[in-house]
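Dear colleague,

Please find below the structure that I would like to hand over to you. Once you have looked it over, the notes after it say what was found.

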Amino acid sequence: MNKRSWITFTVVRLLAFFVPLLALLFIQVNPWIATLIAAVIGLCVSYIFLRSPREEVARELYEVRHAEKPTVREDDEAEDAALDAQHVTDSGSDKN
């Protein structure tokens, strides 16, 4: 996973929110309204101008989430063997 693309995308998204927020607060807009307007501006900037970084981060997230390699823990095989042995013993005692 490329951490640089994640960091870049996150920093640019935060800047797209905080720069308009600080500008609106500087001109003394009500803080609640300034926050809402800055959120909308940040969303629009991100949607329009950050398409390729957003898609790259989404692709990396998909690849990590849908990795083809199974996760095998060391004790899984031992537990499976113990359960199989117990199952064979139990089914052998049922026949008698």
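How many salt bridges does a search of the whole structure find? The search finds 2 salt bridges, a salt bridge being a side-chain nitrogen of Lys or Arg within 4 Å of a carboxyl oxygen of Asp or Glu. Please keep in mind that this is a predicted model, in which local features need pLDDT of at least 70 and side-chain atom pairs count only at pLDDT 80 or more, while totals for chains, interfaces and linings use all residues. Residues are numbered from 1 along each chain as its sequence is written, and side-chain values use heavy atoms, with hydrogens and water left out.

Helices here are DSSP runs of H or I with at least four residues, numbered from the N terminus. Arg51 is exposed, at 53% relative accessible area, whereas Glu55 is partly exposed, at 43%; buried means under 20%, exposed over 50%, and partly exposed in between, with a 1.4 Å probe and protein chains only.

In the other pair, the side chains of Arg59 and Glu63 meet at 3.3 Å, N to O, and these residues also lie in helix H3, 4 residues apart. Arg59 counts as partly exposed at 43% relative accessibility, and Glu63 counts as partly exposed at 45%.

With kind regards

Technical notes: Helices (H or I, at least four residues) and strands (E, at least two) are DSSP runs, numbered from the N terminus.
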